[in-house]
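Please walk through the model shown here, going from single backbone features to the sheet, the metal site and the ligand.

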Amino acid sequence: MTKDITVLAIETSCDETAAAVVRNGREVLSNIISSQIELHKVYGGVVPEIASRKHIEKINQVIDEALTTAGMSMDEIDAIGVTYGPGLVGALLVGVAEAKAISFATKKPLIGVHHIEGHVSANYIENKELEPPFLCLIVSGGHSHLVLVNDYGQYQIIGRTRDDAAGEAFDKVARAIGLGYPGGPKIDKLSLEGNKEAIAFPRANIEDAPYDFSFSGLKSAVLNYINSCEMKGIEINRADIAASFQEAVIDVLVTKTITAAKDYNMKRVAIAGGVAANNHLREAMIKACKKNDLAFYYPSPIFCTDNAAMIGTAAYYEFLKGTRSGYDLNAVPNLKIGER
Ligand code: KG4
Ligand code: ZN
């Protein structure tokens, strides 16, 4: 019998201070998330300086809780995984410095993990049978990508956003209709009361780049619609705007994902990132994949938004490949997928 590999993972790339203990990549023994959302809400978005300070205050406590909940001592941990990019540099540095200090003090290997590769790996946690190759749609606050996961840790980007990320569009539209930060979950909820066919917002297609996205035109269309209603003295229906905007985003995401799966002959499709928690996107993907005879995988909402369990999963597969980071590991705010 092979020895179990248990990873202590740390994630501080944005506004969640998170630590988790993950065994053999797929068994989450603990997943502790200390969210700073309440602190940033009043500013309408994440304030980097506040995020870094809060991470410093919380990190030790969150790690202790992750170990206690898992019923593990540091001695029983085999490796330390940490997000080193992309993200807010000051926020990332807190996790990276902490992981390096633990690794140095305990002489356990250190593994730097790409945040977005972590999001993709979240799919392995609850879908025990999922293995590469598969196609993954990554939709978070900072990223929108269509990626072929050819093997563990091997990614081929086939599509990306030309401007705003999907989550960014959700957050900006939510702010325009007065829903506050973060906007995604609020639009998800309010859209239930609206008519998704009430307003025909544009679906952007990019010539010669069938898998690329663009959401800035859609965001402008929503803002123009609101302005024109105001000028005409018409009261806006926020639920209709939320539902129609969300439908435009989902329509594009689903159509391009299914097209890519067919073109690349992928039989398995997964989604990842904060926007993957969207109920309507999940339902639309389930339906479209069923219709096209594709197996569809998605993480529970808690593993879609930022968490450290997904970092532990990605770190485990890097560990198996022999990846080890040195004590010169640094935060890389604009780290690209597949880069080391
Ligand atoms: O992956 P994530 O937690 O952080 C990044 O790495 O960016 O994603 C956060 C984004 C935010 O833009 C948030 O509004 C969006 O994910 N989001 C959602 C939902 N939950 C979170 N968007 C749509 N529907 C949701 N239910
Ligand atoms: Zn994220």
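In which loop does Asp-208 lie? Asp-208 lies in the loop between helix H6 (183-190) and helix H7 (216-232), where helices (H or I, at least four residues) and strands (E, at least two) are DSSP runs numbered from the N terminus. This is a predicted model, in which local features need pLDDT of at least 70, side-chain atom pairs count only at pLDDT 80 or more, and totals for chains, interfaces and linings use all residues. Residues are numbered from 1 along each chain as its sequence is written, chains are lettered from A and ligands numbered from 1 in the order in which they are written, and side-chain values use heavy atoms, with hydrogens and water left out.

Asp-208 is not a glycine, yet its phi is positive, at about 65°. Its relative accessibility is 75%, so Asp-208 counts as exposed; buried means under 20% relative accessible area, exposed over 50%, and partly exposed in between (1.4 Å probe, protein chains only). Lys-107 also has a positive phi without being glycine, with a value near 60°. Lys-107 is found in the loop between helix H3 and strand S5 (110-114), and with 72% relative accessibility it counts as exposed.

From Gly-85 to Pro-86 the omega is near -15°, and Pro-86 sits in the loop between strand S4 (79-85) and helix H3 (89-106). Between Pro-132 and Pro-133 the omega is about 5°, and Pro-133 is placed in the loop between H4 and S6.

Five strands form an open sheet in the order S8-S7-S6-S9-S10, with mixed pairing; two strands pair if DSSP finds at least two bridges between them. Strand S8 (154-160) and strand S10 (295-297) each have a single partner strand, so they stand at the edges and one side of each lacks a neighbour in the sheet. From one strand to the next, the twist averages 25°.

S6 and S7 are paired in the antiparallel sense over 6 bridges, and Phe-134 has Val-149 in S7 as its bridge partner. The hairpin that S6 and S7 form has 4 residues between them. Strand S7 (residues 144-151) also pairs with S8, again in the antiparallel sense over 6 bridges, and here Asp-151 is bridged to Gln-154 in S8. The hairpin of S7 and S8 has 2 residues between the strands, and in it Gly-153 takes a positive phi near 75°. How enclosed is S7 by the rest of the structure? Of its 8 residues, 6 are buried, so S7 is largely enclosed.

Helix H4 lies across strand S6 (134-139), S7, S8, strand S9 (268-272) and S10, with contact meaning heavy atoms within 4.5 Å. H4 runs at about 125° to S6; axes are lines fitted to C-alpha atoms, for helices over the stretch in contact, and angles run from 0 to 180 degrees between N-to-C directions.

The zinc ion (ligand 2) is coordinated by His-115 (NE2), His-119 (NE2) and Asp-306 (OD), at 2.0 to 2.1 Å. Donors are N, O and S atoms within 2.8 Å of the metal (3.2 Å for Na, K and Ca), and water is not among the atoms, so sites may look incomplete. Along the sequence, the spacing of the donor residues is H-x3-H-x186-D. His-115 and His-119 are 4 residues apart in helix H4 (residues 115-126), so about one helical turn separates them. His-115 is buried, with a relative accessible area of 6%, and His-119 counts as buried at 1% relative accessibility.

Which residues come nearest to ligand 1? Of the 19 residues around ligand 1, these are Gly-141, Asp-171, Asp-188, Gly-274 and Asn-278; a residue is near a molecule or strand if one of its heavy atoms lies within 4 Å of it. A nitrogen atom of ligand 1 is 3.0 Å from a side-chain N or O atom of Asn-278. An oxygen atom of ligand 1 lies 3.2 Å from a backbone N or O atom of Gly-167, and an oxygen atom of ligand 1 is 3.4 Å from a polar backbone atom of Gly-142. A polar contact is a pair of N or O atoms within 3.5 Å; within protein, one must be able to donate a hydrogen and the other to accept it, and residues adjacent in sequence count only if both atoms are side-chain atoms.
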